[in-house]
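The stops below are given in the order in which to select them.

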Amino acid sequence: MNFNKIECLEDGRVRFLLAFGDFGRNGYQLNFEPNVTLVSEGRWDGKKRRLNMVACRIFSDWDEGFVGECLIRLSLRFPSTWTLRNRSSVVGELWSSRSVNEAGYFGRVAFSSTKNKNIRAAGLGYEYMEIENTKRSCANKTMQKGEGGKYPNALSSDMRFDMLVTNKKVTDLWGYSSPLFVDSRLYQLSTIFGEEADFSWQEKQNLSVINVSYVLSLASSHDFKLSSEHMQIKSFEISAEGTYDSERGHLCMTGCMYVGVTPKQTRWGNSSSSMDCEILVDIQYPPVNARNVNPVKGTIESTRDKSDRLYFESFEILSRSIYSGQAKESIWRMDLEITMVLISSTLSCIFLGLQLLHVKRHADVLPSISVIMLIVLTLGHLIPLLLNFEALFISRNTVNFYFDSDGWLEVNEVLVRVITMVAFLLEFRLLQLAWSARSSDDGSQKNNLWACDKKVLYLSLPMYIGGGLIAWFVHLSRKSYRSPLLRNRRFGYKQQSFWGDLKSYAGLILDGFLVPQILFNLFFGSKEKALAPPFYVGTTFVRLLPHAYDLYRSRSSSWSFSYIYADPKLDYYSTTWDVIISVGGVIFVVLIYLQQRYGGRCLLLKRFWQRFAYEKVSAAGPDE
């Protein structure tokens, strides 16, 4: 039955259309069918707190219709108290005012609104009816729970969570769990809207174990059965009440739900429903101050015997919903990472500009710059631009984890792409200058320079390819041993692809961008100050800063919505890799400094040094 308001006046008079139909087939929007619709009017009785109405049938044929037989009475009221079994916001009765012997007479028919919904009458309270039974059922479980730490306050928004629920027969149930009442207080998600809840209430009451009532709503994309004896359904809802231990983060409740019985078990061959209250819901919250990402875990169990027709397989509850404090921390961290990305990208452009200024003042050092190193740096900025070229104009595949509507992350991504484009153009210009300087040299030094760069290529290329093969084998081994939870992409987990691992390896190559220059200096024996100190020190600093930040991030928090800065998809990030790469980067900087001060072969023993002296010979004229 659906109430469609026609008129509602200030003096309490109302008029409604009451439509009857099959909600299971038609949903909540019923088509207007006069023959199954009543017209009603009545008045709100403030003293008795109920709405009394008279309803009339609508008679219609193909041409016209009229209202008649106003012999149906309705009475509606708002319950002042909810219980485990009765949680309807509106209840009432409908009956015929005819005498028992008259045709068309029917007795009183009780009806109620959908349970556990957001309609709340003023002064609504809750009466706990199953607490003692729940405490007995949960006694053993309570003693086994709790890992120490601080757990969510019973009135906080952290108590509500979205969840994945599975058992052997049903593997894709999704839904939410939310408190209705905490002790005698109505639960409200006030903290989500920026208003702090009164958390001091629990402390004033000196309560560690608190009575709570919950609703668990679950649905699937397809029909399923809880057992062979149950009807096919797409969703179900559990009303629950029990106790929450705020010192252990343990929630244990007795649950009730309406279950459908298969047609063969009913007298008339139609399905019927009954309430099953032999359900135990057991949930363990992780500590709010935990450094690691610990999911909310729990079970939904039937306490019936396995031979009972209403028994069902136990469900496992798993949730990755985060706490409000973690969300605030993540927003702060994302703002910090956005700033660091912009600063790092800008610094890269500044250091490249200083290198260009250096070669402009000392043009003779251009041939001594390794072309292989410049190609590695240029490709390091070119490839991300090719993969995300559309982000320069339209931010399509951006990170959508921001909470405001200003689109700051999309603006940031476009800015980063633009700065990356500038860095690429500066590197390409440096590469062009170095290439032109070598090509314009007609002396014997030209062949030596190219020969040294070929040696660098022959030595570094197998090293890069071998490292890539190792990265591939590591990817295959991780793929073979990944856990079943990681396979569920809908739950927020995604195994990194092979191309993602290759991107990480490419980031490692960029971290060691000075390796080709070190090898070139070693082969050529150059003592030229080819690289400006601000360039090789500053660029190394920009490459190592994400690893230093990752070390800080791993110590402060090991979970994240997403990675904006120090993204594991773009480099190797772990405590071991962070230390190895940072130490390696510092060593490379020291080696370049020594080579440019004492000569490219200063790293070798003295007996292996080969000294080369180049003398400029004046071009002889034809008369000479």
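**Before selecting**

This is a predicted model, in which local features need pLDDT of at least 70 and side-chain atom pairs count only at pLDDT 80 or more, while totals for chains, interfaces and linings use all residues. Residues are numbered from 1 along each chain as its sequence is written, and side-chain values use heavy atoms, with hydrogens and water left out. Helices (H or I, at least four residues) and strands (E, at least two) are DSSP runs numbered from the N terminus.

**Stop 1: the sheet**

Colour the strands in the order β1-β2-β3-β4-β5-β7-β8; these seven make an open sheet with antiparallel pairing. Two strands count as paired if DSSP finds at least two bridges between them. Select 2-8 and 109-112: these are β1 and β8, which stand at the edges with a single partner strand each, so one side of each has no neighbour in the sheet. From one strand to the next the twist averages 30°.

**Stop 2**

Start with β8. Its antiparallel partner is β7, residues 91-96, and four bridges join the two. Select Val91 to find Ser112 of β8 opposite.

Asn4 has Leu17 in β2 as its bridge partner. In the hairpin of β1 and β2, four residues lie between the strands, and Gly12 has a positive phi near 100°.

**Stop 3: an aromatic pair**

The whole structure holds 16 aromatic pairs. Phe3 and Phe16 form one of them, edge-to-face, with 5.6 Å centre to centre and 80° between the planes. Phe3 is in β1 and Phe16 in β2, 13 residues apart. Rings of Phe, Tyr and Trp (its six-membered ring) pair if their centres lie within 6.5 Å; planes under 30 degrees apart are stacked, over 60 edge-to-face, and the rest tilted.

**Stop 4: α10 and α11**

Select 533-556 (α10) and 575-598 (α11): their axes come within 9 Å and cross at roughly 160°. That makes α10 roughly antiparallel to α11. Axes are lines fitted to C-alpha atoms, for helices over the stretch in contact, and angles run from 0 to 180 degrees between N-to-C directions. Angles under 35 degrees count as roughly parallel, over 145 as roughly antiparallel, 65 to 115 as roughly perpendicular and the rest as oblique.

Show side chains at the contact (heavy atoms within 4.5 Å). Among the residues that meet are Tyr536, Leu544 and Arg555 in α10, and Asp578, Val589 and Gln596 in α11. By class, the contact of α10 with α11 has nine nonpolar, seven polar and three charged residues. Here Ala, Val, Leu, Ile, Met, Phe, Trp, Tyr, Cys and Pro count as nonpolar, Asp, Glu, Lys and Arg as charged, and the others, Gly among them, as polar.

**Stop 5: α9 against α11**

Val515, Gln517, Ile518, Asn521 and Leu522 of α9 make the contact with Phe588, Leu591, Ile592 and Gln595 of α11. This contact of α9 with α11 has six nonpolar, three polar and no charged residues.

**Stop 6: α4 against α10**

Finally, select 324-361, helix α4, together with α10: the angle is about 170° and the axes are 8 Å apart. α4 and α10 are therefore roughly antiparallel. Their contact divides into 13 nonpolar, six polar and four charged residues.
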